[in-house]
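Work through these two exercises with the structure open. Try each task before you read its solution.

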Amino acid sequence: MSFDLNKHTAKLLMNEPFFASLSRRIEKAPSTAIPTAGVRVNERGYFEMVYNPEFFASLPVKHRIGVLKHEFYHLVFQHCTDRLPPEGMSKLWNIATDLSINSHLTGELPDSGLFPGKGMFAGWDEGLSAEKYFEMLKKRQEEEENEDS
């Protein structure tokens, strides 16, 4: 399947030029090895967005733009660099950062995303920092582990 991410990136940049400078500094690599998309600092020390073209092709245009913004916000908010917790990158940290970002992208992302106040995060406030969500997730995890023992 052929999917042109550049077309959607250009649309975002024309409508929201804030992301233009950042986007030019991010290498973008298609891969079906991941289910959706993600950003990282690659082995050469550059920001890289890895994305599944089949996932993007399955989304309506507004959600494609929303996912791009979501991934760019991980870099803007330094979620994979300066603000990493002492234990480093983890699934729990990724969930916390997703909750923090998605608080600000209501209606722009697929319903399958993680949102404070919805699903397993019902009752959680919107607009908190990644660090606060991380603390809440760790507390929930500890409580669940204590229930199992």
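**Exercise 1: a helix pair**

Helix 5 (residues 91-102) packs against helix 6 (residues 130-148) at an angle of about 130°, and their axes lie 8 Å apart. Helices here are DSSP runs (H or I, at least four residues), strands are E runs of at least two, and both are numbered from the N terminus. The model is predicted: local features need pLDDT of at least 70, side-chain atom pairs count only at pLDDT 80 or more, and totals for chains, interfaces and linings use all residues. Residues are numbered from 1 along each chain as its sequence is written, and side-chain values use heavy atoms, leaving out hydrogens and water.

Task: classify the angle between helix 5 and helix 6, then describe their contact.

Step 1. Axes are lines fitted to C-alpha atoms, for helices over the stretch in contact, and angles run from 0 to 180 degrees between N-to-C directions.

Step 2. Angles under 35 degrees are roughly parallel, over 145 roughly antiparallel, 65 to 115 roughly perpendicular, and the rest oblique. Helix 5 is therefore oblique to helix 6.

Step 3. Look for contacts, meaning heavy atoms within 4.5 Å. The contact residues divide into nine nonpolar, three polar and two charged.

**Exercise 2: the core**

Step 1. A nonpolar core joins buried (under 20% relative accessible area, 1.4 Å probe, protein chains only) Ala, Val, Leu, Ile, Met, Phe, Trp, Tyr and Cys residues through side-chain atoms within 4.5 Å. The largest has 23 residues.

Step 2. Helix 4 gives the most, with five residues.

Definitions and conventions: Ala, Val, Leu, Ile, Met, Phe, Trp, Tyr, Cys and Pro count as nonpolar, Asp, Glu, Lys and Arg as charged, and the others, Gly among them, as polar. Buried means under 20% relative accessible area, exposed over 50%, partly exposed in between (1.4 Å probe, protein chains only).
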